Amino acid sequence: MTDAPSGPEAGPGRVLLIEDEENIATAIRFVLGRAGWHVAAHHDGTTAPAAVARHAPDVVVLDVMLPGRSGFDVLQEVRRGPHADVPVLMLTAKGQAKDRDRAMALGATRFMTKPFSNAELAEAVRDLAGR
Amino acid sequence: MTLTPNLLVGVCLAYVAALFAIAFYAEGRARRGRPGLRGPLIYTLSLSVYCTAWTFYGAVGYAARSGLEFMTIYLGPTLVLIGWWTLLRKLVRVGRAERVTSIADMISSRFGKSAALGVIVTLLALVGTTPYIALQLQSVTASLAVFAGPEATEARSGALWIAAGLALFTILFGTRRLDVDERHEGIVSAIAVEAVVKLVALLAVGAYVVWGLNGGARAALEAIRVSPVADWTGGPGRWAGLILVSGAAIVCLPRMFHVLVVEAPEERDLATASWAFPLYLLAMCLFVVPIAVTGLRMLPGTNPDLFVLTLPLAGEREGLAMLAFLGGFSSATSMVIVAALALATMLSNHVVMPAWFALRGAGGATISGDVRAVALTARRLAIVAVLGLAWLYYRTTGGTAALASIGLIAFVGLAQVLPALVAALTWKGATRAGAAAGILSGFAIWAWVMLVPVFAGSLVPAGLLAQGPFGVGWLRPEAMFGLAGDPLVVALMLSLGLNATLLCLVSLLTRPTPMEMLQAPRFVDLPVAAPSRDGRAVGPGAQELLVATQRILGADEAQALFAAEARSQGRPGELPATTPALLDRLERRLAGSVGAATAHAMISGLGGGQAVGVEDLIAVADETAQVLETSARLEARTEELRRTTAELREANAALTRLGRQKDAFLGQVSHELRTPMTSIRAFSEILREGGHSEADRARFAGIILDESRRLTRLLDDLLDIGVLESGQVELALEEVTLASVIDRAVTAATSQVDTRLTVTRDPAAEGVALVTDPDRLAQVFINLVANAAKYCDAPAPDLTIRTATRPDGIVVDLIDNGSGIAPADRAVIFQKFARLGDPTAAGGAGLGLAICREVMGRLGGSIDYLAGQGGAAFRLRLPHATPAATELAAE
């Protein structure tokens, strides 16, 4: 599905990627960018909610383990902010069920465990944007 | 038959042995629950302890010296027994109901259980009675001396043996057990026998004198008529005074109170005694005058006190003399035994036991052990002390006026209790302070006017008495307040007058304490019918019993019990009548819950109308102590349980904490492993798809390689720390220079990474040699140098390595010139996965410093953050030689 044409529904959307691991961020930008997304990357947890407000993205991809503030905190604040209904895809490397439960309880739209397949990621982002 | 002292002593011993046998027999009967030897006759005979050796021998001497005045000694008790019948009956009834143990107990109990009054009366009794006991010892030795002749020293030392023997007898039969009712079957029986012996002896001597020496009653009467003995001497004042004193003695002397009240078996026995005892006294004085008259005529110039003995001896009637001697002996011993017992009871109950309780109380609340045993021991010691004191008094004053005149003086002294005693039974307004003021003032006057003059010239300087203290004439004992006349009458009037006046005045001026108000009606308003448990129902009390029983057994059980009792009595729906059967069953039932003594005290107090005595309270205290001890043990166990629970909870919390730490650690490990895996997988997929530029391919492959290395390093570290923490590290020790280790480390740390870090070292200091595991030590340095290379944020990053050699080891500081580690983070840097700070610094799983700490520990050294150095700084301490045999136990 990675080579799926950018249909009208997939349209030029904007993704905000919040991820502190540089290599992972590079990979995700590459994958989503090739699928036609405008990807903005942000590395820090503390300023992440402000970044969401500034970029007004169609989808947020959010890592849990961030310097400064955890992804859970960021999610909580985003859900209270001006873009409360933005779809959020959470990524975590811890792989524990309680993290998933917590993320969903806090209002994550989807949850993925690292490592993931690029195709799944791209499809998930497209799904979220289509809602 | 010739009477030698040895024979006399032998007869005495046989007589005493017989008394022991009688006492044993009576005790045995009583213990087996037989009706015993008690009864009106025995009771009456036991009252004869009034007739001591002073009466037996001394009445004749008194008559020989002062004529018929001796009769007052018999008239007083007779008048009290007949004329004061009502008050006497009340005294006995109250004494029995309140389970009074002595006259001191009576006074103390009536006036609000005052401990002070108990002590005062006890001391008064001791002062008044001890010389009197000494008098008995003297009479026995003096009578022995009559037989022994001139070598009287032997007889004199006999007093000690007599005192010891009497102490033994009293201890044996007086303190065998701590009776709740203080009755001593053995002693009373022996005294009754002695009463008979002395009466028979005196009557026999009298009969011999009248019919043997005078030739018939008519001749004897004629002899009396012409003799001065038959004269009425002394004024009416002296007669009245003497009758008053001896009348008071019948209730106030400790021994008389003991036989009259404490040992009283049944109240109705007093009715018999009230006519039988005066008859006994009449018989005792029947032949006093003939003996005195005959003695004066036949044995002029000899001691009239011993006519009872010397007349038969003069007539060579040695058997009769022996009987007379035994009579005197009986009089003396019965008095000594009862007096010692009564005094010992007072001393132990009012002086020794309170002191003991006070001392124990101070030592802590956990009283244990048998209080009864202590009480008995105290009483035995008191008996020995009383008799020892009397013997001492006899030794120091024997044969002097101090002893001879002490009989009447003691009577007057003890009569000081009379006002308080009468007020106790008749006047509810009498207060503790009033009683104390009365007794103390009377006691003081008596001591000064009557007791002190006895010792004039010996213990007391004669001048003091002749001129009065401080030269104040009107304070002279002989003419106190200027009152002249018969010294006895003056002393009696003064002491008893002041005593009674102060008692009334102070009582009117003071208010009774609540305890006194509680006690007063029990003594003054005694119901006419004596409380009895002989089968009659006692009306009131069932309600109180039910209330008390409920408190102990609980409402349901108590009501069920009473309902069952009422049904069995044929009165369903009502409260049962408090029959003795009910009381007994109830007492047994309650005893199971609160102990026998407490149950008995409760039931006696509520149902039977009897009071709770000292021994009851002692027994209750003993039981309470046991309960306290048990509950203390339970408390200790509860405390132990609580502690164990706390320890368990703590262990549990520690386990939970460990579990959480393990979870957190696994989460960290998972995160650290999955993060490089994510990059590797993503770029692998990207590369597989193809279509990338050469530069992109090379970049993606480089990332995959870096992340693979990171993964490998992490796995190595994880394994390493696992091994280090488990303690299964094998050290390869060898001697190396520090420089060689640091060389290796710097090369390894800086060659792999593209770094601008420079390392400043001190080659001279690093030349130090040490025994260590060089690979492990190098691992520490590699970590620290690599960290500096990775995290030092200075424009020209530099790491300075300073080495110092000290006697106790080597100190190496590694300091970079970056911005250092924030103080808050310094505490956690040595923990696993405590990766700090910079988001851009990729890799660097937080195991490095944790591993360093483990390694340094294994090498016998340490690693710490070194604050205040500007940049990040670490201090390593190393021993000169790591001990080879270090048992690498986990920390």
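**Group meeting: a predicted two-chain model**

Okay, let's start where the chains meet: the contact takes 21 residues from chain A and 19 residues from chain B, with two residues in contact if their C-beta atoms, placed from the backbone, lie within 7 Å. On the chain A side, helix α1, residues 22-34, gives the most, with 6 residues. Helices here are DSSP runs of H or I, at least four residues, strands are runs of E, at least two, and both are numbered from the N terminus. That side of chain A divides into 8 nonpolar, 7 polar and 6 charged residues. For the record, Ala, Val, Leu, Ile, Met, Phe, Trp, Tyr, Cys and Pro count as nonpolar, Asp, Glu, Lys and Arg as charged, and the others, Gly among them, as polar.

Some housekeeping. This is a predicted model, where local features need pLDDT of at least 70, side-chain atom pairs count only at pLDDT 80 or more, and totals for chains, interfaces and linings use all residues. Residues are numbered from 1 along each chain as its sequence is written, and chains are lettered from A and ligands numbered from 1 in the order in which they are written.

So, chain A. Its secondary structure comes to 5 helices and 5 strands, and from the N terminus on the elements run β-α-β-α-β-α-β-α-β-α. Of its 131 residues, 44% count as buried; buried is 20 or more other C-beta atoms within 10 Å of a residue's own, exposed is 12 or fewer, and partly exposed is in between, again with C-beta atoms placed from the backbone. If you take the contacts in chain A with a separation of 6 or more, 64% are between residues 24 or more positions apart.

How much do we trust it? The mean pLDDT of chain A is 85, and 90% of its residues reach 70 or more, pLDDT being the predictor's confidence in each residue, from 0 to 100. Watch residues 1-10 of chain A, though: pLDDT stays under 50 there, and the model has 12 contacts beyond four places in sequence for that stretch.

Over to chain B, and helix α15, residues 288-298. Is this helix mostly covered or mostly open? Mostly covered: 9 of its 11 residues are buried, and the buried ones run from B:V288 and B:V289 through B:P290, B:I291, B:A292, B:V293, B:T294 and B:G295 to B:L296. What they pack against is α4 (58-66), α10 (185-213), α11 (217-226), α14 (267-286) and α16 (307-314) of chain B.

Let me pick one residue from each of two of those neighbours. B:L311 sits in α16 and counts as buried because it has 26 C-beta neighbours inside 10 Å. Leaving out residues up to four places away in sequence, B:L311 touches B:V205, B:V209, B:L213, B:I291, B:T294, B:G295 and B:M298. From B:L311 to B:T294 it's 17 residues in sequence and 8.3 Å in space, C-alpha to C-alpha.

The other pick is B:A223, in α11, which is buried, with 21 other C-beta atoms within 10 Å. With the same exclusion of residues up to four places away, B:A223 touches B:N214, B:V293, B:T294 and B:R297. B:A223 and B:V293 are 70 residues apart along the chain, yet their C-alpha atoms are separated by 7.2 Å.

Now helix α24 of chain B, residues 487-509. Its 23 residues reach 32 Å from first C-alpha to last, close to the 33 Å expected at 1.5 Å a residue; the expected span is 1.5 Å times one less than the number of residues. Among its buried residues are B:L488, B:V490, B:L496, B:N499 and B:S507, and the buried set packs against α12 (236-252), α20 (406-414), α21 (418-426) and α22 (432-454) of chain B.

Last stop, the sheet. Chain B has an open sheet of 5 strands in the order β2-β4-β5-β7-β6, with mixed pairing, where two strands pair if DSSP finds at least two bridges between them. β2 (758-760) and β6 stand at the edges, each with a single partner strand, so one side of each is left without a neighbour in the sheet. The twist averages 20° from one strand to the next; axes are lines fitted to C-alpha atoms, for helices over the stretch in contact, and angles run from 0 to 180 degrees between N-to-C directions.

Zooming in, β5 (809-816) and β7 (873-878) of chain B pair in the antiparallel sense over 6 bridges. B:D813 has B:R875 as its bridge partner, and B:I815 has B:A873. On to β6 (862-865) of chain B, which is joined to β7(B) by 4 bridges, also running antiparallel, with B:S862 opposite B:R877.
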